[in-house]
Amino acid sequence: MQFHHHGYVSGEPRVQPATGTGIDRPAELPDETDVLIVGSGPAGMLLAAQMSQFPQITTRVIERRDGRLVLGQADGIQPRSVETFQAFGFAERIIAEAYNIAFMNFWGPDPENPRDIIRTTRTEDYGLKISEFPHLIVNQARVLDYFAEAAAFGPGRITPDYGVEFVGLTVHGEGEYPVEVRVRHVAGAREGEERTIRAKYVVGCDGARSRVRDAIGRKHVGRVSAHAWGVMDVLVNTDFPDWRTKCAINSAAGNILLIPREGGYLCRVYVDLGEVPEDDNHRVRQTPIEEIIRRANEILHPYTIDVRSIAWHSVYEVGHRVTDRFDDGDDGRSPRVFLTGDACHTHSAKAGQGMNVSMQDGFNIGWKLGYVLTGLSPESLLETYSAERQPVAQQLIDFDREWSSLMARKPEEITDPQDLANYYLGTAEFPSGFMTQYGASQIVTDAAHQALAEGFPLGKRFKSAEVVRVCDGNAIHLGHHAKADGRWRVYAFADAAAPGEASALADWAEWIASPESPVRKHTPAGADVDAVFDVKVVYQQKFEDVDLGRVPEVFLPKTGPFGLTDWEKVYASGPSAWTDVDIFAERGISRDGAVVVVRPDQYVAAVLPLTATSELAEFFAGVFVPAAASRASTDETRSEAVRA
């Protein structure tokens, strides 16, 4: 973690210097704002944390509640989400307080006595098998707390405006603030007051009953299945031996998904309430907690639970819906209003996807709004949001429908007791969040050069691997050095020559430092050289064989008000005393070298040869506004923000 480059820091280094709109931020919700976020759920708060890294942009978050969420419904945290937490600076802290899913056990009817259940399978969880990050359980409220901290500690100093309810909106065809939003104060000194806020863009993060979705005329497409589940967070005494292990339990009396919660003692129990008659008219949702507990005991027989305290409970019917479009764009008009999270996709809770997919929605739209509103990129960039995220949501619905069906089977419908365990492990990459792959577009190239770095598939998230930092010999994960600061990452994987020798890498470094490079063309005038592009090199040699005095200067940039050298952009592939991982072998990178470009939301955008400088320039010309470099130095606040 680097934090002294703007001067000595003696306090909390996560608190970045306030700049731009973060200085003297108005306490009251203003009449005009660049971005209005409706809802402070997972998508909304991640988006706020990302927008805090663009302090030239005025961003406000309105939330109907009168304060922070106390008890969240979601709790499953997939490895991709923990990877995202790493980028926002709080992965280690949330891992420390979370429940780490190490195993998932499966229970079924005892063949000797079908009324009883027995353990049929014990499986290691998929988390650490496919990622360096674990699969966690932690309350949604704590996730929101951490994102709220990141938003408040960022240069933009963003905090939610609580007690403000969204009423409706109108999108006008012209004007600097074309979205007219009607809001109502429902708490505080202005309670009952209605007013109009004007915004350039609105993002609806307001849940399954989204008023923003209704206001732009988008429709949820799908249905509610005829199956209901009771869910309860409880403190119990029990003789069930796997109470602190995640379990899928199938019995003659129904099904249970058991998920231990963080902090010990507490567990979440999803209890099968069975098929719902067509004429039920949602009466099942009134099922009393006593009935849910009774059914749980019936399913667990011969074991019992004695519920001592109930933290929360609910009943839901499984629904699978995707909104027909995730923005209001129509007839060639650029979108002004966007939908995220449950506002545009809903499904069952048992696959642990809702909060996780919602956060990736927020990550996807956040940097794009930042780039368009700061003038770095054209408005067309915003059209890629719905194009990228809607297919992901449909894949989620398809997966969840199958998982929910498997979970709800009766014993007589199960031909192989290992089916559920096999499906759980066999599909692990999808629920982990690692199957998302964006297609070729304005911000993802085609796969013509994919063979140069097979371990970094285009359109998929950048899969980190260990490298050795040359300046100090420490082994780190290359991807973990990339923070959610809104910058593009450009990784130059060197050919075999050592620093200082004639090589393709040396030629590329000379070009990337020249006026013809995208770094020079698209970095705002007066900003640090790495304000928009974070350019790093990884050599094939051991770190002790890399002479920093012979490394091209572009990989040792001088930044900040003191012009200090950044030493943390030069890496070696190993091995060292710290690691025996060779990233070239680990990720299938050509020994002739390669350039891997990664978007601000951690997805691989391009894989190119070191010699393909014109292709790299052409790619970025499609991402950025050509005149970006000529902007006034007022954009230097962007540089200060992302480098702080």
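In this briefing a residue is called buried when its relative accessible area is under 20%, exposed when over 50%, and partly exposed in between, with a 1.4 Å probe and protein chains only. The structure is a predicted model, in which local features need pLDDT of at least 70 and side-chain atom pairs count only at pLDDT 80 or more, whereas totals for chains, interfaces and linings use all residues. Residues are numbered from 1 along each chain as its sequence is written, and side-chain values use heavy atoms, with hydrogens and water left out.

**Confidence**

- The chain has a mean pLDDT of 91, and 95% of its residues reach 70 or more, pLDDT being the predictor's confidence in each residue, from 0 to 100.
- Over residues 628-644 pLDDT stays under 50, and the model has 57 contacts beyond four places in sequence for this stretch, a contact meaning heavy atoms within 4.5 Å.
- Where pLDDT is low, the predicted coordinates should not be read in detail.

**Domains**

- The assignment, whose bounds come from an automatic or database source, gives domain 1 (20-91 + 140-220 + 321-390), domain 2 (99-137 + 224-319) and domain 3 (450-623).
- The contact between domain 1 and domain 2 takes 19 residues from domain 1 and 22 residues from domain 2, while the centres of these two domains, taken over C-alpha atoms, are separated by 33 Å.

**The second largest pocket**

- A pocket here is an open set of points on a 1 Å grid over the protein atoms alone, where a 1.4 Å probe fits, with protein on both sides within 12 Å along at least five of seven lines, and its lining residues have an atom within 4 Å of a point.
- The second largest pocket holds about 1100 Å³ of space, a volume being the space filled by probe spheres set on the points, which are joined across faces, edges and corners.
- Its lining has 43 residues, of which M1, Q86, A87, G89 and K483 are the closest to the centre.
- Elements that each supply at least two lining residues include α2 (79-88), α5 (140-153), β22 (533-539) and α16 (636-643), where helices (H or I, at least four residues) and strands (E, at least two) are DSSP runs numbered from the N terminus.
- Domain 1 and domain 3 each contribute at least three residues to this lining.
- The lining comprises 17 nonpolar, 10 polar and 16 charged residues, with Ala, Val, Leu, Ile, Met, Phe, Trp, Tyr, Cys and Pro counted as nonpolar, Asp, Glu, Lys and Arg as charged, and the others, Gly among them, as polar.

**Backbone features in loops**

- Y265, in the loop between β14 (254-260) and β15 (266-275), has a positive phi of about 70° although it is not a glycine, and at 68% relative accessibility Y265 counts as exposed.
- Q602, also not a glycine, has a positive phi near 80° and lies in the loop between β26 (594-598) and β27 (604-608), where Q602 is buried with a relative accessible area of 11%.
- The peptide bond from H301 to P302 is cis, with omega near 20°, and P302 sits in the loop between α7 (289-300) and β16 (305-323).

**Buried elements and residues**

- Helix α1 (residues 42-51) is mostly covered, with 10 of its 10 residues buried, among them P42, M45, L46, L47 and Q50.
- T121, in strand β6 (residues 113-124), counts as buried at 11% relative accessibility.
- Leaving aside residues up to four places away in sequence, T121 touches M104, N105, F106, Q418 and A421, and the C-alpha atoms of T121 and F106, 15 residues apart along the chain, are separated by 5.0 Å.
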